[in-house]
Amino acid sequence: MESHDAAVRLIAERVRHFSSQQKPFRIYHGSTNSTRTSQRRPDNTVDTSALTRVLSVDAASRTALVEPNVPMDALVEATLAHGLVPPVVMEFPGITAGGGFSGMAGESSSFRHGAFDATMRSVEMVLPTGEVARASRTERPELFWGAASAFGTLGVVTLLEIELREARRYVALSYALTRSSRDTLAAMEEAEAAAETDYIDGIVFAKDATVVCVGRLTDDLPEGKSPRRFSRRTDPWFYLRVRNVLRQLQQKPTEAVVDYIPLRDYLFRYDRGGFWVGRYAFRYFLTPFNRVTRCALDRFMHARVMYRAVHRSGLADTHMVQDVGVPYAAVPDFSAWLDAQFGIYPLWLCPLRVQRDAPDAQHGLHSEFGRPGAPKLMNFGVWGELRGARTRREVVGRNRELERKVQALGGKKWLYAHAYYPEDEFWAHYDRESYDKLRERYGAGYLPSVYDKVKVDVEAEEAAARATWRSRARHGVKEIWPVRGVVGFCKAAVGGDYLLQKSRGKTEEDAASASRTP
């Protein structure tokens with residue numbers, strides 16, 4: 001803690017410097033996707049890159065003290081050593097604890113435990129004034145709940161106290177085929193009601209073909225049953241395993257299919273292939289998609305590398321990459337609308353319990369989650385190519401259609417992805433009054449707002465592309481296939497994590513192998 005406190009003092013001093021000038025600053029987290037090096041300068045940056053440690057795991061109180069830049073795989077590794085695991089673990093190993101808190105992340109256990117922020121006991125923050133403060137459900141609850149999903153606009157998170165639960169060796173994952181969105185919802189609600197259920201999600205392969213995945217923690221491996229793995233290069237991607245199960249259930253609907261998955265492999269089951277979006281890379285580069293090519297290219301098919309590649313290439317600007325939640329009652333309507341408007345498959349389904357179980361939780365952007373009776377939401381992961389959208393403005397238009405539909409159904413769009421709302425429409429969807437009161441109370445008025453951080457300004461993009469002959473030429477070259485993809489690949493895979501690990505004598509897969517349990 002002495003080293004942590006010393007690092008926090010330096011951060012607080014830096015923030016006080018910016019506060020005295022009322023000068024907005026950026027937060028540099030280190031080797032993550034949230035800060036571009038080109039935007040980071042000595043005169044505009046608060047550096048939190050040293051905050052990368054799990055400081056303690058307390059088995060008696062079932063809590064962990066974690067700095068914000070600790071990724072999920074490191075957090076799970078540290079807690080499993082004590083037979084414990086966080087109740088909510090984001091599905092990509094590179095997502096950090098601070099990012100999960102500030103971005104309101106959820107996963108397949110969130111039907112019971114809520115979003116990642118709901119599993120915090122407390123957080124330490126450097127406020128925009130430079131003051132170091134602690135917030136919890138009982139101490140500064142307005143700051144605690146307001147900072148969740150505020151994307152760093154209420155201060156700099158420097159420490160998180162995370163609740164833990166008892167771990168088990170395996171997740172027994174049962175698969176069920178449903179033929180309609182109503183049947184899917186009914187199956188998930190039935191699973192939610194069962195006390196032994198620990199995890200629920202689903203993959204929609206077509207409007208009449210969804211596989212619902214229901215997991216329970218267990219130490220028992222049935223005799224004659226082998227563990228099902230998803231982390232080794234020779235293992236299938238998880239969604240391909242589920243697709244095979246779909247075919248099996250279509251042929252034999254009454255057959256029970258259960259996999260026993262080592263806990264780590266389950267928690268990060270979507271890492272290889274990034275759910276299924278990695279398949280678009282094979283298609284883009286005209287590469288056969290089979291077991292041999294997936295195995296050969298495995299080091300580039302992990303979410304850490306893929307995430308950087310897609311964003312640094314700009315290819316995310318030509319696809320739909322959105323997560324949205326709609327109330328359970330709206331699931332059939334929204335499912336039919338998605339099918340008719342976009343026809344994007346697969347889709348990811350994940351039930352979310354967003355209601356905050358605290359007496360004083362009606363604060364921040366999502367203040368309504370603190371009200372009694374806040375509805376459960378079904379998260380839809382809508383990630384794919386937009387058919388017929390040839391220009392950037394057409395892509396934006398299709399995303400705007402999604403935003404308007406979600407709003408009309410009383411749903412929520414999660415703000416990790418691009419937001420295309422006009423400002424007045426954005427604030428009609430989120431609680432600006434509560435958020436602004438917190439900003440005023442804690443001296444954050446000089447910092448960018450959440451809207452400033454997530455908005456997409458297409459006109460500014462186009463103006464920048466037209467600014468000089470160099471930018472016009474550069475923009476024109478990027479439009480030539482496969483320049484975008486090659487640029488993203490080189491920057492993310494060749495120039496990033498892979499070479500860094502290689503220089504240390506360890507690739508990402510080697511590092512993962514070294515940290516696995518039997």
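Glu 142 and Arg 441 form a salt bridge, with their closest N and O atoms 3.5 Å apart; the term denotes a side-chain nitrogen of Lys or Arg within 4 Å of a carboxyl oxygen of Asp or Glu. The model is predicted: local features need pLDDT of at least 70 and side-chain atom pairs count only at pLDDT 80 or more, whereas totals for chains, interfaces and linings use all residues. Residues are numbered from 1 along each chain as its sequence is written, and side-chain values use heavy atoms, with hydrogens and water left out.

The domain assignment, automatic or taken from a database, gives domain 1 (1-166), domain 2 (170-270) and domain 3 (319-459). The C-alpha centres of domains 1 and 3 are 22 Å apart. In the contact between them (heavy atoms within 4.5 Å), 32 residues of domain 1 meet 31 residues of domain 3. One salt bridge is found across this interface.

Arg 272 is buried, at a relative accessible area of 2%, where buried means under 20%, exposed over 50% and partly exposed in between (1.4 Å probe, protein chains only).
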